Amino acid sequence: MMCRPELLAPAGTMEKLEAALRYGADAAYLGGRQFSLRAFGGNFAQDEIAAAIRLAHGMEKKIYVTVNVFPHNEDLVSLPDYLRFLKEAGADAVLVADLGVFMCARETAPGLPIHVSTQANNVNWRTVRAWQELGAARVVLARELSAAEIQEIRRATDVELELFVHGAMCISYSGRCLLSSYFTGRDANRGSCAQSCRWKYALVEESRPGEYYPIAEDERGTYIMNSKDLCLLPYLDEVVGCGVDSLKIEGRMKSVHYVASVVKAYRMALDTCLSEHPYHVETSWLEELNKVSHRAYTTGFFFGKTTAEDQIYGSSSYEQTSEFVGLVRAFDAATGLAEVEQRNHMRVGQEIEIFQPTRASFRQILDAMWDAEGTPIDAAPHPQQIVWIRLVHPAEPYSILRRDVPMKKGDGS
């Protein structure tokens with residue numbers, strides 16, 4: 001019988017956290033405003049962290065807090081108090097990358113479970129076993145591992161193992177990059193990555209300033225460090241067969257639409273994988289993953305070393321087949337009206353899809369709309385405008401309204 005791994009989702013804001021939990025995540029990871037490697041990911045104040053933990057625990061789910069910066073001396077001053085706060089708030093674990101932070105957590109917040117981040121470059125069983133012997137509750141494996149290597153690590157260790165199964169792939173080794181710091185002064189290892197690897201590059205020779213040469217035979221230049229996005233959903237049976245304890249989705253800086261859609265697709269796929277043999281991949285799950293903003297997909301290192309096919313050389317753009325237009329805040333069964341918060345331009349006459357946390361999706365024409373005062377309107381052009389619309393079926397809170405678009409190039413939102 002296969003073990004039942006946890007489905008772990010990103011949460012950049014409280015809204016994204018609630019979406020992740022409602023759409024099927026068993027746990028979520030989030031960052032505070034200190035010591036997190038996503039300085040621009042929304043992040044949580046201390047009172048918000050406490051509220052997030054209460055929310056998750058009320059749903060019998062877990063919260064892990066990232067404390068995964070590589071701190072300099074000045075960063076250490078407030079670290080002990082922060083770790084003590086996380087323990088008192090009831091965090092289910094802290095996620096760390098630095099040995100000093102690890103030992104500080106053990107000393108100042110004993111009993112608080114510690115997960116070792118992928119940024120610690122966990123690529124072999126001796127390293128994983130060393131973290132285990134130091135007291136780690138879980139080790140997040142580096143993205144650069146194959147299935148065979150993961151299985152070998154599993155055989156040699158007893159600690160929980162966490163594996164990335166979906167999301168952006170960093171071109172640097174397990175996320176430890178210096179490009180951003182050199183080019184912009186923004187240190188990726190302290191939470192401020194400028195994503196320099198996604199920029200377009202050309203070659204210039206020292207004695208010929210102003211003359212730029214494409215690195216590849218393309219007049220536009222080339223994106224030499226622009227990886228495709230990881231997607232292991234079609235191979236979850238093989239992933240689960242490796243014996244990992246947690247399947248991790250990347251994306252604390254992604255939208256609520258991204259979090260909800262990816263989490264639900266993986267929830268359905270994982271439940272099927274665990275209950276039906278052989279594992280059958282539904283086309284609808286893959287279609288769901290194409291609806292959100294993403295780069296072309298790859299299996300990364302799971303089946304061996306990557307090749308040129310795992311990179312994108314002509315563009316840094318994203319693609320998607322669906323556009324997020326609104327979020328259902330409430331539904332009145334007596335009137336059939338839904339209170340919706342606008343997230344993109346909405347207009348009467350559009351065909352929309354209502355994508356729900358647990359129920360089946362449905363489609364309809366948006367035939368009428370009212371503003372918050374009850375005045376009929378034809379369009380909702382204002383950001384996050386509250387409107388009422390009539391739905392042909394009941395809708396759960398946090399249902400997402402979206403419309404189809406051609407395979408669309410986006411900005412990653």
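Start by selecting residues 14-22, helix H1, together with residues 256-275, helix H9. This is a predicted model, and in it the two helices pack with their axes 8 Å apart, at an angle of about 15°. Angles under 35 degrees count as roughly parallel, so that is what H1 is to H9. The crossing of H1 and H9 is right-handed. Now show side chains: from H1, Glu15, Lys16, Ala19 and Ala20 make the contact, and from H9 it's Val256, Val259, Ala260 and Val263. Colour them by class and you get six nonpolar residues, two charged and no polar ones.

Next, go to the loop between H9 and helix H10 (283-291), where Pro278 sits. Look at the peptide bond joining His277 and Pro278: it's cis, with omega about 5°.

Pick Glu60, in the loop between helix H2 (46-58) and strand S3 (62-66). Its phi is positive, near 60°, and it isn't a glycine. Is Glu60 buried or exposed? Exposed, because its relative accessible area of 76% is over the 50% cut-off. Then hop to Asn121, in the loop between strand S5 (114-116) and helix H5 (125-134). Asn121 isn't a glycine either, yet it has a positive phi of about 60°.

Last stop: cysteines. How many disulfides are there? The count is zero. Select Cys242: it is in no disulfide, and the nearest cysteine sulfur, that of Cys3, is 9.9 Å away. Cys242 counts as buried, at 2% relative accessibility. Finish on Cys231, which counts as buried at 8%.

Note on methods: Residues numbered from 1 in each chain as written. Predicted model: local features only at pLDDT ≥ 70, side-chain atom pairs only at ≥ 80, totals over all residues. Heavy atoms only, no water. Disulfide = S-S within 2.5 Å. Buried < 20%, exposed > 50% of the residue type's maximum accessible area, 1.4 Å probe, protein only. Axes fitted to C-alpha atoms, helices over the stretch in contact; angles between N-to-C directions. Helix = DSSP H or I, 4+ residues; strand = E, 2+ residues; numbered from the N terminus. Parallel < 35°, antiparallel > 145°, perpendicular 65-115°, else oblique. Left-handed = near helix turned anticlockwise from the far one by under 90°. Contact = heavy atoms within 4.5 Å. Nonpolar A, V, L, I, M, F, W, Y, C, P; charged D, E, K, R; others polar.
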